[in-house]
Amino acid sequence: MMTSAETDLMRVLADPLRLQIVTLLARETLCTTHLVEETGAKQTNLSNHLRVLREAGVVETEPCGRFTYYRLKADVIEEIAGQFAALAQSARLTAEANFKRSCP
């Protein structure tokens, strides 16, 4: 069973732009300017999404002069991936056992 925090994390990552940001940050550490160029999103919109990702613990920041760089926290992604792997394993076992609840 997933915890409330894990469910919240899935909701955070369900947004298409946030998922795009996470995908880009998986490849390299980027600042807001880079993310605006890569996504085509408006800076204010992007900043709001980055705030949500930061508050959810998905990304961390690194100040560098007048810029802020964002880095993906791999352990958070690994944790949610583990939850999905457990769900997939459960589904496989259920399918193999042909388990189904009988109807009343």
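Predicted model: local features only at pLDDT ≥ 70, side-chain atom pairs only at ≥ 80, totals over all residues.
Colleague: What makes threonine 32 buried?
Modeller: Buried means under 20% relative accessible area. Threonine 32 has 15%, so it counts as buried.

Colleague: Where does threonine 32 lie, and which residues does threonine 32 touch?
Modeller: Threonine 32 lies in helix 3, residues 32–39. Not counting residues up to four places away in sequence, it touches Gln43, Leu46, Ser47, Leu50, Thr68 and Tyr70.

Colleague: Which residues of helix 3 are buried?
Modeller: Thr32, Leu35 and Thr39.

Colleague: How do you know on which side of helix 3 they are?
Modeller: They cover an arc of only 60° around the axis, which puts them on the same side of helix 3. An α-helix has 3.6 residues a turn, so residues three or four places apart point the same way.

Colleague: What do the buried residues of helix 3 pack against?
Modeller: Helix 2, strand 1 (30–31), helix 4 and strand 3 (67–72). Just after helix 3 comes glycine 40, with a positive phi of about 80°.

Colleague: On to helix 4. How do you know that its length agrees with its number of residues?
Modeller: Helix 4 has 13 residues, 43–55. At 1.5 Å a residue, they should span 18 Å. The end C-alpha atoms are 18 Å apart, so the two values agree.

Colleague: Which residues of helix 4 are buried, and what makes them line one face?
Modeller: Leu46, His49, Leu50 and Leu53 are buried. Seen down the axis of helix 4, the buried residues fall within an arc of 100°, so they line one face of the helix.

Colleague: Which residues are exposed on the other side of helix 4?
Modeller: Thr44 and Glu55. After helix 4 comes glycine 57, whose phi is positive, near 80°.

Colleague: Why are helix 2 and helix 4 called roughly perpendicular?
Modeller: Angles of 65 to 115 degrees count as roughly perpendicular. Helix 2 (residues 16–27) and helix 4 pack at about 75°, with axes 10 Å apart. The two helices are therefore roughly perpendicular to each other.

Colleague: Which residues meet there?
Modeller: From helix 2, Leu17, Arg18, Ile21 and Val22. From helix 4, Asn45, Leu46, His49, Leu50, Val52 and Leu53. The residues of this contact divide into 7 nonpolar, 2 polar and 1 charged.

Colleague: Why is glutamate 60 called partly exposed?
Modeller: Partly exposed lies between buried, under 20%, and exposed, over 50%. Glutamate 60 has 33% relative accessibility, so it counts as partly exposed.

Colleague: Where is glutamate 60 found, and what is it in contact with?
Modeller: Glutamate 60 is in strand 2, residues 59–64. Leaving aside neighbours within four places in sequence, it is in contact with Tyr69, Tyr70, Arg71 and Lys73. Glutamate 60 and threonine 29 are 31 residues apart in sequence, and their C-alpha atoms are 9.9 Å apart in space.

Colleague: And what makes aspartate 8 partly exposed?
Modeller: Its relative accessibility is 39%, so aspartate 8 counts as partly exposed. Aspartate 8 is found in helix 1, residues 4–14. In sequence, aspartate 8 and leucine 53 are 45 residues apart; in space, C-alpha to C-alpha, they are 11 Å apart.

Colleague: How do you know that the span of helix 5 agrees with its number of residues?
Modeller: Helix 5 has 24 residues, 74–97, which should span 34 Å at 1.5 Å a residue. Its end C-alpha atoms are 34 Å apart, so this agrees. Asparagine 98 follows helix 5, with a positive phi near 55°.

Key
Residues numbered from 1 in each chain as written. Heavy atoms only, no water. Helix = DSSP H or I, 4+ residues; strand = E, 2+ residues; numbered from the N terminus. Expected span 1.5 Å × (residues − 1). Buried < 20%, exposed > 50% of the residue type's maximum accessible area, 1.4 Å probe, protein only. Arc of directions from axis to C-beta. Axes fitted to C-alpha atoms, helices over the stretch in contact; angles between N-to-C directions. Parallel < 35°, antiparallel > 145°, perpendicular 65-115°, else oblique. Contact = heavy atoms within 4.5 Å. Nonpolar A, V, L, I, M, F, W, Y, C, P; charged D, E, K, R; others polar.
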